[in-house]
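This report is written for a reader who is meeting the structure for the first time. It considers a helix, a sheet and several backbone details in turn.

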Amino acid sequence: MTPPDPDLLSINTATLWESCNFRQAVDALRRQKIRGIAPWRDRVAAIGVKEAARIVRDNGLVVTGLCRAGFFPAPDRKGRRAAIDESLRAIDEAATLEAKCLVILAGGLPKESRDLGGAREMVRDGLGEILVHARSCGAPLAVEPLHPMYCADRGCVNTLRQALDLCDELDTSRSGAIGVAIDVYHVWWDPELKSQIERAGEKRLLAFHLCDWLVPTTDLLYDRGMMGDGVIDIPLIRSWLETVGYHGMQEVEIFSKNNWWKRAPDEVLGMCRVRHQTVC
Ligand code: ZN
């Protein structure tokens, strides 16, 4: 496998979580000659979405995704409506930033509920409510299946098959307004991963997120590894995506409270550049 094009490296700002605000993250990317950024909405909100869009443009950056919206299940109608309204605002922000997609996390079980089937219906209905706006704004929704360990509290869409079933149900014409984000951390274990990537095809593959699965993993949320430090065969998964026509950017997203978040941004980004070329 030949190394990826270095120009296709993107950084999810969660990777620089504790060291950088939006402006500082952009400055660090410029120093490291990295072209892609995937910001989080709170960091964007801190300076205003118009100003963030200006900074993105002035620096010639590509926004590979805006994180994030969704979290549709709620105990009552009011809560479900609030999640939809928040997601509609996020679509507007993604459009202003000219993001390649808005990352959608399904959300978990409503408080004190055991009705997983019902929660999944709320996710489908919520996506259905926002899809028209996403289409008209040109801001595609990228449903990110999450590892099943997050099913209760973050995301009850847990496999690529499940995410693609939702896409097919809501968007029979494959309009491009909804697809999936493939995060190796969440899907690497799935025996159906290759066949479901083939099923997705180029049209549904909207984002590709990189990090690694450490053994042992000491925290379910904040102990992601740098690519190459864990057990995921990233080049193999990349080859499956490229075979079906995905030639978008590769976005590094590392939540790492006790390791990478403690290091200086240039050290982290420098390592991302090296590992992107050597183990991805
Ligand atoms: Zn991700």
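In helix α8, the buried residues are Leu193, Gln196, Ile197, Ala200, Gly201 and Arg204; buried means under 20% relative accessible area, exposed over 50%, and partly exposed in between, with a 1.4 Å probe and protein chains only. The model is predicted: local features need pLDDT of at least 70 and side-chain atom pairs count only at pLDDT 80 or more, whereas totals for chains, interfaces and linings use all residues. Residues are numbered from 1 along each chain as its sequence is written, and side-chain values use heavy atoms, with hydrogens and water left out.

The buried residues of α8 pack against α6 (160-170), β7 (178-183), α7 (184-187), β8 (205-210) and α9 (234-243), where contact means heavy atoms within 4.5 Å. Helices (H or I, at least four residues) and strands (E, at least two) are DSSP runs, numbered from the N terminus. Helix α8 covers residues 193-204 and spans only 14 Å between its end C-alpha atoms, while a straight helix of 12 residues would span 16 Å at 1.5 Å a residue. That expected span is 1.5 Å times one less than the number of residues.

Two strands pair if DSSP finds at least two bridges between them. In general, strands of a sheet pair through backbone hydrogen bonds, either parallel or antiparallel.

Strand β4 pairs with β5 (residues 102-105) in the parallel sense over 4 bridges, and Val103 in β5 is the bridge partner of Cys67. Of the 5 residues of β4, 4 are buried, so that the strand is mostly covered. Together, β4, α4 and β5 make a right-handed β-α-β unit; right-handed means that, with the strands pointing away from the viewer, the path from the first strand over the helix to the second runs clockwise.

Another parallel pairing joins β8 and β9 (residues 250-252) over 3 bridges. There, Gln250 in β9 is the bridge partner of Phe208.

## Backbone details

| Site | Feature | Value |
|---|---|---|
| Cys67 to Arg68 | cis peptide bond | omega near -5° |
| Val215 to Pro216 | cis peptide bond | omega about -5° |
| Phe71 | positive phi, not a glycine | about 50° |
| Arg174 | positive phi, not a glycine | about 50° |

Arg68 lies in strand β4 (residues 66-70), while Pro216 is found in the loop between β8 and α9.

Phe71 belongs to the loop between β4 and α4. Is Phe71 buried, exposed or partly exposed? Phe71 counts as partly exposed because its relative accessible area is 29%. Arg174, in the loop between α6 and β7, is partly exposed because its relative accessible area is 30%.

Ala82 is located in helix α4 (residues 77-96). Because its relative accessibility is 43%, Ala82 counts as partly exposed. Ala82 and Phe71 are 11 residues apart in sequence, and their C-alpha atoms are 10.0 Å apart in space.
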